[in-house]
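Subject: Structure handover

Hello,

Here is the structure I promised to pass on. Please open it first, then read my notes below.

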Amino acid sequence: MDLGLQDKSVIVTASSKGLGKASALQFAAEGAKVMISSRSEEELQQTAEDIQAETDNDHVAYTVCDMTKADDIQNLVDKTVEQYGTVDVLINNTDGPPAGTFDKVDDDDWQFAFELNLLSFIRTTRAVLPYMRKGDGGRIINLASSSIQQPIDNLILSNTFRTGILGLSKSLSQELAPDNILVNTVGPGRIATDRVASLDQTKAEKLNISPDEVRQDTEQNIPIGRYGQPDEFAKIITFLGSQANTYLTGQSFVVDGGMVKAI
Ligand SMILES: NC(=O)c1ccc[n+]([C@@H]2O[C@H](COP(=O)([O-])OP(=O)(O)OC[C@H]3O[C@@H](n4cnc5c(N)ncnc54)[C@H](OP(=O)(O)O)[C@@H]3O)[C@@H](O)[C@H]2O)c1
């Protein structure tokens, strides 16, 4: 199948590592012009070099962008347009909010999670729309979590704002379909990134067991029997962001090896 991504301009936010990096790499492998971003210039430079070397694609640029900062987001889009002429695809990603139950989080935590996990996606979308509307349309994919289908214990902030992304995406899919801009949401279940390794480490210390034991315990609740790999997740993102996807919009998926049991 031809994904039609050759020379398309793609922004992937929060992409110096993990799911963002894996997604950027897949787009680069398809010949797209990719802009990666995160808060650390050093990490970004290395990641851009890694992706270029692995995909043989020189069109991998980077811009420092903290997703909680409006000016950084506008600058990211401006830099992408300066470099690649437009924006065809936006992959919205950011860090997860702090853990905690309702009693443990205060107004500052709520405000921070709103800005990091919802307002950031609103701002990136607003900034790219003029270019997508001027061109042939676009694809927007919002990365969330399996909590879009089933809340996760001790993650009240994530459970609240990830489902907010669903409402945003669905509304946008309706409003933007006439402009051929397709909007979808994808939630990872348990994909083996640094973040998941660090969550396992924290849990292991709390339970006084090894991180491997934590992982094996979690894997027992995943019908496919293992954590996913970042590239397995990224391939779904790449299809949704491609020209091969012409009719799928307003949908949400979890990529979780069958972990979530909700229908
Ligand atoms: N992996 C999973 O199985 C899983 C499951 C459920 C949900 N998720 C969610 O999926 C998202 C990505 O997770 P991941 O596993 O890929 O994490 P990761 O491996 O820790 O990567 C996180 C990326 O986000 C960047 N980042 C962090 N804070 C940022 C900010 N304020 N602005 C811009 N970039 C920022 C980091 O770079 P810098 O530190 O340099 O900024 C890094 O590139 C997170 O929201 C996570 O909660 C992941």
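A helix here is a DSSP run of H or I with at least four residues, numbered from the N terminus. By that count, Ser120 lies in helix α4, which covers residues 107-134. One caution before the rest: the model is predicted.

**Ser120**

Is Ser120 buried or exposed? Ser120 is buried, because its relative accessibility is 0% and the cut-off for buried is under 20%. Leaving aside residues up to four places away in sequence, Ser120 touches Met67, Ile73, Thr94 and Glu115.

**Aromatic pairs**

Searching the whole structure gives 3 aromatic pairs. One of them joins Phe114 and Phe161.

Phe114 is partly exposed, at a relative accessible area of 27%. Phe161 counts as buried, at 11% relative accessibility. Ring pairs join Phe102, Trp110, Phe114 and Phe161 into a cluster.

**Helix α3**

Next, have a look at α3, residues 70-84. It has 15 residues. At 1.5 Å a residue, these should span 21 Å. The end C-alpha atoms are 21 Å apart, so the two values agree.

Which residues of α3 are buried? They are Ile73, Leu76, Val77, Thr80, Val81 and Tyr84. These residues cover an arc of only 125° around the axis, so they lie on the same side of α3.

What do the buried residues of α3 pack against? Their partners are β1 (9-12), β2 (33-38), β3 (60-64) and α4. Ile73, from this buried set, is also one of the residues that Ser120 touches. On the other side of α3, Asp71, Glu82 and Gln83 are exposed. Just after the helix, Gly85 takes a positive phi of about 90°.

**Around the ligand**

There are 28 residues around the ligand. Which of them come nearest? Those are Ser16, Arg39, Thr94, Ile191 and Thr193. Thr94 is also among the residues touched by Ser120.

- Arg39: an N or O atom of its side chain is 2.8 Å from an oxygen atom of the ligand.
- Ser40: a backbone N or O atom lies 3.4 Å from an oxygen atom of the ligand.
- Ile191: a polar backbone atom is 2.6 Å from an oxygen atom of the ligand.

Two residues to check here. Ala14 is not a glycine, yet its phi is positive, at about 50°. Ala14 is placed in the loop between β1 and α1 (18-29). With a relative accessible area of 22%, Ala14 is partly exposed.

Asn208 also has a positive phi, near 55°, and is a residue other than glycine. Asn208 lies in the loop between α6 (194-207) and α7 (211-219). Is Asn208 buried or exposed? Asn208 is exposed, because its relative accessible area is 70% and exposed means over 50%.

Best wishes

Note on methods: Residues are numbered from 1 along each chain as its sequence is written. This is a predicted model: local features need pLDDT of at least 70, side-chain atom pairs count only at pLDDT 80 or more; totals for chains, interfaces and linings use all residues. Side-chain values use heavy atoms; hydrogens and water are left out. Helices (H or I, at least four residues) and strands (E, at least two) are DSSP runs, numbered from the N terminus. Buried means under 20% relative accessible area, exposed over 50%, partly exposed in between (1.4 Å probe, protein chains only). Contact means heavy atoms within 4.5 Å. Rings of Phe, Tyr and Trp (its six-membered ring) pair if their centres lie within 6.5 Å; planes under 30 degrees apart count as stacked, over 60 as edge-to-face and the rest as tilted. The expected span of a helix is 1.5 Å times one less than its number of residues. The arc is that of the directions from the helix axis to the C-beta atoms. A residue is near a molecule or strand if one of its heavy atoms lies within 4 Å of it. A polar contact is a pair of N or O atoms within 3.5 Å; within protein, one must be able to donate a hydrogen and the other to accept it, and residues adjacent in sequence count only if both atoms are side-chain atoms.
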